[in-house]
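Dear colleague,

I am handing over the structure below, and after it you will find what came out of looking through it. Please read the notes with the structure open beside you.

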Amino acid sequence: MISHPPSSAAQGLARSDHDAYVSTLPPVPRPAGSYIPVSRAGNIAFTAGHTHAVRGELAVRGAVGSPEGPSLETARECARLAVKNCLASLAHHLGGLSAVERVVQMTGYVAATPDFAAHPRVLDGASEALVDAFGAHGRPARAAVGVASLPDGAVVEISLVVTVADLEVEPKAP
C-alpha cells in the first residue's frame, strides 16, 4: 500500500518559508575530495555524504560509545548538523529548497564502538530536522549504519535522496 502524507499544517514549512529557512543553514560545505556535493538525474537529486563540519572544521570527533567519545545527545546534534549541511548543498544546487517535493531516502553512518547499538536514535536527530523543514514530506526511508571510523574523525555522515519539482532550475557549480 502506498502512503501519502497528510495535506495539512503538518507539511512543515510553507514553500514561501523555505527561503527564510535556507538563511538559517550552515555555510555550503566544500567537497573534501574529487566529487560533487549534489547530483541530479531527472527529478531525483542525490547528495554526497555530508558530515557535521562547519567551514571545514569538526567541533566534535570520535566514536559514540567510547569513554572519550561523544554522548548520545551530542551525536544526535552532530546528525542534525550533518543533514543541515546536506540541505545547504541542495539549496545551493537548486537555488533554494522550495523545489524539494519529498525526502525519499536518508543513509546515515555513525562512528561507534562495536557494543553501541543505538544508531537509529542518533539519526533521529537528522530525521527530526527534516520533518521540521518539510513536515511529513521530510520523513524518509532510512538506513542507520555503525562504522569504525568516518572522514576526519567525524561522528556522523549523512546522504539524502530527494525528489525535485520539474522546474527550470540551472544547477549551480559547487
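Helix H2, which covers residues 72–94, is made up of 23 residues, and from its first C-alpha to its last it reaches 33 Å, close to the 33 Å expected at 1.5 Å a residue. Directly after H2 comes Gly95, which has a positive phi, near 80°. Please keep in mind that this is a predicted model.

As for the whole protein, it contains three helices and five strands, and from the N terminus on these elements follow the order α-β-β-α-β-α-β-β. The protein has 174 residues, of which 44% count as buried, and its accessible surface comes to about 8,900 Å², with 55% of that belonging to carbon and sulfur atoms. Among the contacts between residues at least 6 apart in sequence, 83% join residues that are at least 24 apart.

Leaving aside neighbours within four places in sequence, Arg61 is in contact with Pro70, Asp152, Gly153 and Val155. A polar atom of the Arg61 side chain lies 2.8 Å from the backbone oxygen of Asp152, and the backbone oxygen of Leu58 lies 3.3 Å from a polar atom of that side chain. Arg61 and Ala111, although 50 residues apart in sequence, are 9.1 Å apart in space, C-alpha to C-alpha.

Key. Residues are numbered from 1 along each chain as its sequence is written. This is a predicted model: local features need pLDDT of at least 70, side-chain atom pairs count only at pLDDT 80 or more; totals for chains, interfaces and linings use all residues. Side-chain values use heavy atoms; hydrogens and water are left out. Helices (H or I, at least four residues) and strands (E, at least two) are DSSP runs, numbered from the N terminus. The expected span of a helix is 1.5 Å times one less than its number of residues. Buried means under 20% relative accessible area, exposed over 50%, partly exposed in between (1.4 Å probe, protein chains only). Contact means heavy atoms within 4.5 Å. Accessible areas come from the Shrake-Rupley method with a 1.4 Å probe; for residues, only the protein chains shown count as cover. A polar contact is a pair of N or O atoms within 3.5 Å; within protein, one must be able to donate a hydrogen and the other to accept it, and residues adjacent in sequence count only if both atoms are side-chain atoms.
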